[in-house]
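Let's learn to read side-chain pairs in a protein model. Have a look at the structure first.

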Amino acid sequence: MLSSLPAGSNVLVQGASRGIGLEFTRQLLAEPQVERVFATCRAPQTATALTSLAAGEPRLRVLALDASDEDSIRAASVAVASVTPRLHLVVNCAGLLHDAASGISPEKRLADIRPDALATSFAVNALGPLVVAKHFEGLLAHNERAVFASISARVGSIGDNRLGGWYAYRGAKAAQNMFTKTLSIEWARSRRNVICVALHPGTTDTDLSRPFQANVAPEKLFSSERTVRQLLGVVDALQPEDTGRFLGWDGAEIPW
Ligand SMILES: NC(=O)c1ccc[n+]([C@@H]2O[C@H](COP(=O)([O-])OP(=O)(O)OC[C@H]3O[C@@H](n4cnc5c(N)ncnc54)[C@H](OP(=O)(O)O)[C@@H]3O)[C@@H](O)[C@H]2O)c1
């Protein structure tokens, strides 16, 4: 149970159509402290798992938000603000490692680099959470505890990079981490109620990891249910002095 959330909390899950974001939405709806869940996805019309969850659940509102499109982020923030003046938790889940439609897959070597794929990866993984912060900041400006969490990835750690490859995803997640840290410093001055962190979920059985699961030991491949349970535990335990940290699913610090 998320005992750190104030009663009547409003939470937002960004990137909720599938995978970890969809599971955050499910588990947050089960939290007694949560009054409303705003779940965003870029194409509600095709996000059938999310929209069917919303069908029987008036506390869940599905909104369109494309993490690479500032106008859609602004429009979603206006829609949330028309319902509530306060958010207590924002979880940025949208992420991109591969995409068959645009032929994006993780690079093995320099020759695989495609500037358009790099730009797309940066737009979704790095710029998305930062632009979300820009437009949702006003909803976090209150006197109650609030957490702004962005799901990052250990492979975005520069200090922990031992294997190389995956240029676009590693670079974009490293940039996402830098934005999270920089934002945490600004908010430590101006939004002292907000704890701003980057979180590594662990390898989780979703569409994102599926092509790369062959060499993952079964005990190291988490279900989305387990990942989100663990991450909500980390979120619940956050203290104000944790702002600006990069934490794993077990609460352990990950080097930048
Ligand atoms: N799974 C893992 O092992 C793992 C490990 C480390 C970190 N992560 C991170 O965890 C987060 C969630 O990943 P996942 O495993 O749940 O991946 P997933 O199942 O592939 O889901 C990715 C989500 O991102 C959304 N998305 C992609 N581009 C978007 C855009 N432009 N605007 C809005 N939403 C967009 C997708 O929406 P659509 O349905 O519209 O495509 C989908 O909801 C990501 O940030 C990922 O980098 C995952």
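What follows is a short chat about ring pairs and salt bridges.

Q: What should I know before starting?
A: This is a predicted model: local features need pLDDT of at least 70, side-chain atom pairs count only at pLDDT 80 or more, and totals for chains, interfaces and linings use all residues. Residues are numbered from 1 along each chain as its sequence is written, and side-chain values use heavy atoms, leaving out hydrogens and water.

Q: How is a pair of aromatic rings described?
A: By the distance of the centres and the angle of the planes. Rings of Phe, Tyr and Trp (its six-membered ring) pair if their centres lie within 6.5 Å; planes under 30 degrees apart are stacked, over 60 edge-to-face, the rest tilted. The whole structure has five aromatic pairs. One of them, F148 with W187, is edge-to-face, at 5.4 Å centre to centre and 90° between the planes.

Q: Are F148 and W187 buried or exposed?
A: Buried means under 20% relative accessible area, exposed over 50%, partly exposed in between (1.4 Å probe, protein chains only). F148 is buried at 1%, and W187 is buried at 1% too.

Q: What about charged side chains?
A: Side chains of opposite charge can pair when their charged atoms come close. A salt bridge puts a side-chain nitrogen of Lys or Arg within 4 Å of a carboxyl oxygen of Asp or Glu. The count here is 18.
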